[in-house]
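Please have the sequence and the structure open while reading this note. The points below are numbered so that each can be checked in turn.

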Amino acid sequence: MKITGLQVFWMITIMDLGMTLIMTLSPSMQSAKQDVWISMLFAGCLILLVTFFVTNVTVLYPEKDLIQLSHTILGKWIGKVVVLIYLVQWYTITPIVLRQFVDVIQIMILPETPKAAVMLIMLLLIVYTTHSGGIVSIARCSEILGPIIILMVLLAMAASFNNIDLKYLLPVYADSGIGGIAKGTLAPASYLGHSVEYLMLASFLYQPRKGAPYAYWGVITAAFFALIAMLMATITLGVNILPKMWYPFFEMSRKISLFGFIENFDPLSIVIWVASVFIKLAIYLFISSYGTAQFLKIKNWKVMIWLIAPVIMVFAYFPTNVSEATSNYLMNYWVPFALPVNMIALPLLLLIVGKIKQKKSKSVSH
Amino acid sequence: MILNRIFFVSLISCLALLTGCWDRKEMDDLALVLASGVDLTDEGQVEITLQIALPTGIPSSLQSSGKAANPIVVLSAAGKDSIDAFDQLQQQMSRRINLGHRGVIVIGEKYARQGFDRILDTLLRSSESRYNSYIVTTYGTTAKEILNSPYQLELIPAIGINKLQYNDYSLSIQIDKFIDALSSFDKEPVTGAIRVTKHGSKQQGFILDKAAVYRSNKLVGFLSGDELKAFRLLTRKFDGIHLTTQMEPPTKKQKGTISVQMIKAETNIHTELKNGKPEVSIYFKAVAKVLSNDTNMDLSKTINRVEERFSEDCHKAIMGMLSRTQKKFKADIVGIGREFHIQHPYVWKKIKNDWNMRYPEISIQLITDFRIERVGRTQAPAQLQEN
């Protein structure tokens with residue numbers, strides 16, 4: 001299984017962009033108000049730093065993925081603990097994303113369709129993709145879907161141009177203050193932080209050493225589009241209504257009204273957004289199956305898909321309502337734990353220990 | 001392997017084909033609501049009126065002869081809140097109520113004066129609700145009466161209201177702007193106001209010629225005539241506004257009026273804090289073109305005088321409108337609070353909660369500047385007899 005740098009770029013972009021756009025604007029806006037774009041800038045910078053750690057870790061041992069890396073760098077036991085922490089992240093985020101996806105579909109367009117139907121279709125799709133070619137088929141899908149998703153975001157924004165009111169951005173800074181902006185940074189940063197999955201993806205690259213720029217550009221592209229989309233949503237519907245809505249970006253596309261006959265644009269943007277959820281879920285299914293298989297030393301990782309897919313489905317039923325799935329998970333696990341530990345501390349630890357080890361081994365060999 | 005694939009493909013295609021079935025809604029099982037109205041009954045309940053399009057009643061272009069059935073159905077029911085009233089309505093309808101095409105929401109005056117409640121939340125919460133529906137308040141009548149009154153230009157009266165609003169012939173406000181104003185501290189909501197026009201005893205239709213002013217969620221009054229124009233000018237909703245002034249005293253041949261059409265209007269609101277009190281200066285700049293001249297002036301020479309006169313007129317109208325919103329309505333519909341919020345954000349934090357009370361007391365200065373850019377094809381009126 002080998003993938004190209006461009007495919008990694010698209011995978012990271014899609015994985016980051018889709019969910020950040022939809023899920024983080026409200027929580028971010030509730031604290032940063034009209035300065036949400038500043039929050040987004042900070043979030044982008046923070047994640048670039050994370051990406052810096054991550055890409056440098058992968059360069060240490062280019063042929064190894066996260067599971068092997070942490071074993072090599074941190075030794076058998078600590079390595080296992082670190083891997084477990086990541087497995088927890090993957091095993092919980094996948095059902096949550098699936099559930100959030102179902103919630104969006106139910107709230108916005110198909111209010112009466114049973115959850116199971118929507119979930120099952122998505123699950124079968126990602127199982128099929130992952131099973132048929134592993135990371136290669138996911139990568140190829142994202143190469144095709146990526147530009148379409150970007151185009152959808154641009155189209156939705158272009159069509160909103162007649163609704164804008166720039167005064168919604170004023171006053172800058174005064175209403176939220178540094179505290180509000182900092183707090184508003186957390187949610188988008190934690191969603192953009194999916195670039196840590198590059199740790200798993202890098203070893204599949206044809207040239208793992210040259211993968212770093214693609215990861216950077218993936219993060220930059222995602223952060224940039226999320227930023228202008230948030231800006232656009234802010235100036236179309238304003239800071240009074242938007243923080244109270246679940247999915248502000250779709251609300252913005254719902255406000256679109258062109259020439260008196262193009263209205264209620266949201267189904268189109270939702271349908272295309274589903275593509276980004278699909279890529280994200282497929283990547284997670286792949287890395288959790290592949291990672292678990294390696295962790296448990298199972299030779300045929302595809303067996304794990306059949307084990308994990310039902311688990312995802314069952315877990316996705318756990319949240320009893322939309323706020324448990326969307327905000328509780330985000331605010332109680334993802335932001336306070338996954339962001340500082342999985343995305344910043346552990347990559348940093350791997351980087352530092354790995355560097356020291358390599359220097360030692362070099363000095364020994366000399 | 002092949003069997004496996006066939007199994008997969010068939011399973012996925014099955015699911016893909018079946019997704020629509022759970023909440024499928026056929027066209028002839030839907031009652032497409034084009035406008036809804038809200039009134040207050042004497043018992044204090046909410047009365048919802050729906051204007052529903054009947055597709056079979058709309059004659060196709062081929063079917064020219066023969067009288068078509070009425071293309072709309074209007075139904076009303078009262079309940080504890082909108083959902084309760086909708087239930088009452090649904091029980092008498094064989095088709096499912098669908099709000100996806102609702103373009104207009106009509107608010108009865110009595111209901112609005114008592115306070116806009118109970119139905120407000122559903123305007124955005126339901127997945128069928130749309131931002132681009134227009135909201136209008138009735139003047140001197142009920143929403144029920146508006147929705148029941150015939151309208152001759154359109155087959156469906158609701159579409160008439162919708163188009164009147166869409167074309168900006170009068171003040172037009174969409175739901176999101178209304179709710180945005182309601183939910184913010186720095187401005188008060190307004191809507192267009194609609195009333196029934198009557199000729200003799202016969203009902204003719206409706207007219208949208210006023211603006212309803214809200215203070216918080218309660219209707220407090222209406223703006224009309226010059227005040228409405230002034231409000232639209234000041235808030236840059238100037239599309240299609242015509243102004244007429246008495247330029248000269250009437251003579252035997254002419255009445256001495258000049259009318260212009262607005263091309264551009266700009267407002268700059270500057271706020272200051274003096275001795276802890278907000279002071280506001282408004283700079284209003286307008287550009288217009290002359291449409292009619294019933295004086296014996298040659299506009300190529302006297303344009304400055306006309307500009308001055310219009311500038312004075314605007315000044316008078318805008319000040320009149322502002323003092324009415326301050327003294328009578330006590331509602332900051334122009335959004336002076338918003339400018340204050342932007343220009344003095346830290347002071348605003350302290351006073352935003354009682355902006356409502358402060359607004360009537362602030363002093364407002366107004367400077368108007370009126371330019372006439374074009375005068376049409378003629379210089380002096382062509383019908384003038386030259387001495």
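Which residues in α1(A) meet which residues in α8(A)?

1. Asp16(A), Met19(A), Thr20(A) and Met23(A) are the residues of α1(A), and they meet Pro188(A), Tyr191(A) and Leu192(A) of α8(A). Two residues are in contact if their C-beta atoms, placed from the backbone, lie within 7 Å. By class, this contact has five nonpolar, one polar and one charged residues. Here Ala, Val, Leu, Ile, Met, Phe, Trp, Tyr, Cys and Pro count as nonpolar, Asp, Glu, Lys and Arg as charged, and the others, Gly among them, as polar.

2. A word on the source. This is a predicted model, in which local features need pLDDT of at least 70 and side-chain atom pairs count only at pLDDT 80 or more, while totals for chains, interfaces and linings use all residues. Residues are numbered from 1 along each chain as its sequence is written, and chains are lettered from A and ligands numbered from 1 in the order in which they are written.

3. Helix α1 (residues 5-23) of chain A packs against helix α8 (residues 177-192) of chain A at an angle of about 155°, and their axes are 8 Å apart. Axes are lines fitted to C-alpha atoms, for helices over the stretch in contact, and angles run from 0 to 180 degrees between N-to-C directions. Helices (H or I, at least four residues) and strands (E, at least two) are DSSP runs, numbered from the N terminus. The angle makes α1(A) roughly antiparallel to α8(A) (the term applies to angles over 145 degrees). Their crossing is right-handed, that is, the near helix is turned clockwise from the far one by less than a right angle.

4. The crossing of α5(A) and α12(A) is left-handed, with the near helix turned anticlockwise from the far one. Their contact has 19 nonpolar, four polar and two charged residues.

5. Two backbone details deserve a look. Most residues other than glycine have a negative phi, and most peptide bonds are trans. Leu170(A) and Pro171(A) are joined by a cis peptide bond, with omega about -10°. Pro171(A) sits in the loop between α7 (135-159) and α8 of chain A. Tyr173(A), although not a glycine, has a positive phi of about 70°, and its place is in the loop between α7 and α8 of chain A.

6. Between the chains, 22 residues of chain B are in contact with 27 residues of chain A. On the chain B side, α1 (2-18), α7 (175-183), α10 (336-343) and α11 (345-351) each supply at least two residues. α1(B) gives the most, with five residues. By class, the chain B side has 12 nonpolar, six polar and four charged residues.

7. Chain B is divided into domain 1 (27-58 + 67-216) and domain 2 (225-377), with bounds from an automatic or database domain assignment. Their C-alpha centres lie 31 Å apart. The contact takes 13 residues from domain 1 of chain B and 19 residues from domain 2 of chain B. Strand β8 (residues 202-215) of chain B supplies the largest share of the domain 1 side, five residues. That side has seven nonpolar, no polar and six charged residues.

Notes
Angles under 35 degrees count as roughly parallel, over 145 as roughly antiparallel, 65 to 115 as roughly perpendicular and the rest as oblique.
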